[in-house]
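The following paragraphs go through a two-chain model, one element after another. Please keep the sequence and the coordinates at hand while reading.

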Amino acid sequence: MTKRTSQIGADGETLVASYLQEQGAVIIATNWRIKEGEIDLVARLDGRLLFVEVKSRTSAKFGHPLEAIGPEKAHRLQRLALAWIAVHDQWGADYRIDCAAVHFRDGLQPEIEYRAGVL
Amino acid sequence: MTLARVKSIALIGLRGEIVDIEVDISDGLPGYSLLGLPDAALLESRERVRSALQNSGATWPNKRVTVSLSPAWLHKSGSGFDLPIAIALLMAQGTITSRNLEQHIFLGELALDGSIRPIRGVLPALLAAVDRGITTAVVPLANAAEAMGLAGVKSIAVSHLNQVISFIEEGVIPEVNLEEIKRVSESPLDLSEVVGQKRARLALEISAIGGHHLLLIGPPGTGKTMLAERIPTIMPPLTREEAVEVAAIHSIAGALGERNLESRTPPFVSPHHTTTATAMVGGGAHFIKPGACSMAHGGVLFIDEAPECKPGVLDSLRQPLESGSVVISRATGSTTFPADFLLVIAANPCPCGRFNGKGRACTCTSLQIRRYLQRLSGPLLDRIDIRTFVEVPKRTELASTEGGESSSDVRSRVIAARGAAAERFTRDLWSTNSQIPASQLRSRFRATKEGMAFLHTELDHERLSARGYHKVMRLAWTIADRNGVTTPGLDEVESAYHLRQGVEIS
């Protein structure tokens with residue numbers, strides 16, 4: 001991953017985090033990483049845990065950013081969420097897996113597309 | 001609006017069932033699920049619909065798309081649902097705002113550029129639509145020949161997705177050159193091209209009048225195929241209803257070819273002798289296709305080199321010969337196709353083909369000759385009324401520049417004779433002489449005293465079986481109809497006897 005693409009990813013995650021905070025959510029963790037993979041954002045909103053996968057793109061040339069989340073990736077997100085719950089001993093917590101797409105377009109404000117409860 | 005519904009038709013054999021196509025676009029990861037027992041071709045609709053939408057200026061929703069085809073229990077197959085799925089998607093997205101599609105059905109496969117490709121079975125689908133009160137059908141332009149001129153439903157022939165959108169939104173109906181579509185190509189064959197063959201010509205004519213199945217035996221190159229191919233040209237033209245039925249069967253098989261609703265010449269189907277029983281009677285795992293005998297419905301099924309057929313293939317025809325229809329049962333359900341045809345079988349007299357009763361040039365042993373025609377099973381031969389030899393044309397016949405009698409002359413005699421028979425059977429369940437039941441032949445339909453006496457003598461000398469006796473009687477009635485005689489006399493019975501006994505088999 002080049003510097004530029006990782007920077008775009010990080011920018012996207014920051015944007016989504018502040019979007020969630022605007023909605024009244026508390027960010028608990030960012031880029032929580034274990035061997036199996038990484039959760040971009042963990043937040044709490046109205047007593048419910050949110051696990052958020054953020055996808056950022058600078059062009060639509062390679063399809064919609066959320067299309068990059070195939071069945072395998074979706075399955076991994078689910079396992080990661082359960083792993084986080086296990087590690088933090090939050091069994092029984094109400095949780096939700098969300099996805100967010102961030103479109104960076106030249107000369108335009110970045111645009112967030114937030115899809116709640118996708119899995 | 002994220003939910004939309006349009007209608008299409010699924011076919012089970014010739015029967016059509018209305019299918020509701022519902023599309024729901026909901027938030028979630030981009031994805032596409034297709035519900036309602038789709039087959040492989042239908043599952044691939046996703047990629048076709050997506051590209052077609054994008055390439056005709058519409059957008060593909062990057063959301064979770066659920067497509068449901070109901071009734072859910074019905075197995076659906078083929079690419080004909082591409083167009084209705086695309087239209088429902090456009091409605092769910094709000095690109096199409098018209099909601100007044102309750103009386104419409106959509107049929108068509110999409111190409112990746114958004115153009116609309118032909119599908120199989122448009123005609124039977126439309127016939128079903130008429131029954132269900134559908135008023136408008138959007139069909140592929142390439143299928144317009146089947147759709148135009150069908151009463152009860154207005155067909156809109158389209159060649160591109162954008163035409164469908166502008167039809168729905170603005171009522172723009174694409175123009176279609178009807179003259180081009182409705183043109184009927186007449187069969188170029190004519191009986192006048194056949195040289196000589198007096199006996200075989202008579203057999204053909206009798207066969208066409210009475211619906212008598214026919215066995216032609218003759219050495220290679222004598223014109224068996226040539227004769228058989230010309231039988232449809234001397235049969236009475238199909239009625240409107242028959243023509244629609246025949247076109248519907250050919251439409252399902254995707255073999256309409258030159259035929260359309262206006263084609264009145266009976267079909268001629270000639271499967272190769274290596275054909276399988278499935279190809280003969282119809283079949284298939286998901287999508288049940290009509291076989292050769294249904295394709296020949298209303299016309300002629302010609303089997304050349306019949307003794308070379310695999311065992312069982314010819315005998316698979318016994319049920320359709322008896323009932324005039326074929327029932328095909330599969331795990332997905334059973335389907336009935338009509339199969340009322342005139343069976344014409346051609347065979348060489350022996351494996352080398354040169355046996356003509358005079359013992360010249362033939363290299364086969366007597367055992368080989370005897371076994372060869374025995375490959376045609378007894379029960380099948382029992383259903384064949386006329387057995388005739390096709391002889392090698394003589395030198396004088398070949399040299400003659402005069403053609404034989406033309407098809408139209410023979411056909412007018414056939415139509416007149418059929419009329420006479422139909423008049424006799426107005427109160428009966430059958431309409432041709434070949435269908436008279438045996439008991440009726442012995443009571444209501446006896447020949448004259450002289451005719452009966454001839455038959456009784458043959459019976460006494462054991463030259464005629466009980467079965468043969470009835471067959472000869474039926475043929476005698478057909479010959480009487482042809483000659484304009486009210487009751488078959490000695491002449492008719494004698495000619496019938498010779499047509500029946502023309503070839504000794506087993």
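In this predicted model, strand β2 of chain B is joined to strand β4 (residues 64-70) of chain B by 7 bridges, and the two run antiparallel. One of the residue pairs here is Ser26(B) with Arg64(B), its bridge partner in β4(B). Strand β2 (residues 15-26) of chain B is also joined to strand β1 (residues 3-12) of chain B, again antiparallel, through 10 bridges. Ile12(B) has Arg15(B) in β2(B) as its bridge partner. The hairpin of β1(B) and β2(B) has 2 residues between the strands, and Gly13(B) in this hairpin takes a positive phi near 65°. Strands of a sheet pair through backbone hydrogen bonds, in either the parallel or the antiparallel sense.

Two backbone features of chain B come next. Most residues other than glycine have a negative phi, and most peptide bonds are trans. Leu37(B) is not a glycine, yet has a positive phi of about 50°. Leu37(B) sits in the loop between β3 (31-35) and α1 (40-43) of chain B.

Chain B as a whole has 22 helices and 18 strands. Its C-alpha atoms fill a box of roughly 90 × 50 × 45 Å along the principal axes. Of the 506 residues of chain B, 45% count as buried. Among the contacts in chain B between residues at least 6 apart in sequence, 75% join residues at least 24 apart.

Further along chain B there is an open sheet of 5 strands with parallel pairing, in the order β11-β14-β17-β10-β18. β11 (268-269) and β18 (386-389) of chain B are at its edges; each has a single partner strand, so one side of each is left without a neighbour in the sheet. Inside this order, strand β10 (residues 214-217) and strand β17 (residues 342-347) of chain B pair in the parallel sense over 4 bridges. Leu216(B) has Ala346(B) in β17(B) as its bridge partner. Helix α8 (residues 198-210) of chain B lies across β10, β17 and β18 of chain B, and runs at about 160° to β18(B).

The loop between β11 and α12 (277-281) of chain B holds His273(B). His273(B) is partly exposed, because 16 other C-beta atoms lie within 10 Å. Which residues is His273(B) in contact with, leaving aside its neighbours within four places in sequence? They are Ile303(B), Asp304(B), Glu305(B), Ala306(B), Glu308(B) and Cys309(B). For Ala306(B), the separation from His273(B) is 33 residues in sequence and 6.3 Å in space, C-alpha to C-alpha.

Chain A has an open sheet of 5 strands in the order β1-β2-β3-β4-β5, with mixed pairing. The edge strands are β1 (26-34) and β5 (111-115) of chain A, each of which pairs on one side only. On average, neighbouring strands of this sheet are turned by 30° against each other, direction ignored. Strand β2 (residues 37-45) and strand β3 (residues 48-57) of chain A run antiparallel and are joined by 5 bridges. Val42(A) stands opposite Phe51(A) in β3(A).

Helix α2 (residues 71-87) of chain A has 17 residues and reaches 24 Å from its first C-alpha to its last, close to the 24 Å expected. Leu77(A), Leu80(A), Ala81(A) and Trp84(A) of α2(A) are buried. These residues are on the same side of α2(A) because they cover an arc of only 100° around the axis. An α-helix has 3.6 residues a turn, so residues three or four places apart point the same way. The buried residues of α2(A) pack against β1, β2, β3 and β4 (95-103) of chain A. On the other side of α2(A), the exposed residues are Pro71(A), Glu72(A), His75(A), Arg79(A) and Ala86(A).

After α2(A) comes Asp89(A), in the loop between α2 and β4 of chain A. Asp89(A) is exposed, because 7 other C-beta atoms lie within 10 Å.

Finally, the contact between the chains takes 8 residues from chain A and 5 residues from chain B. The side of chain A that touches chain B consists of 5 nonpolar, 1 polar and 2 charged residues.

Terms used:
Residues are numbered from 1 along each chain as its sequence is written. Chains are lettered from A and ligands numbered from 1 in the order in which they are written. This is a predicted model: local features need pLDDT of at least 70, side-chain atom pairs count only at pLDDT 80 or more; totals for chains, interfaces and linings use all residues. Two residues are in contact if their C-beta atoms, placed from the backbone, lie within 7 Å. Ala, Val, Leu, Ile, Met, Phe, Trp, Tyr, Cys and Pro count as nonpolar, Asp, Glu, Lys and Arg as charged, and the others, Gly among them, as polar. Two strands pair if DSSP finds at least two bridges between them. Axes are lines fitted to C-alpha atoms, for helices over the stretch in contact, and angles run from 0 to 180 degrees between N-to-C directions. The expected span of a helix is 1.5 Å times one less than its number of residues. A residue is buried if 20 or more other C-beta atoms lie within 10 Å of its own, exposed if 12 or fewer, and partly exposed in between; C-beta atoms are placed from the backbone. The arc is that of the directions from the helix axis to the C-beta atoms.
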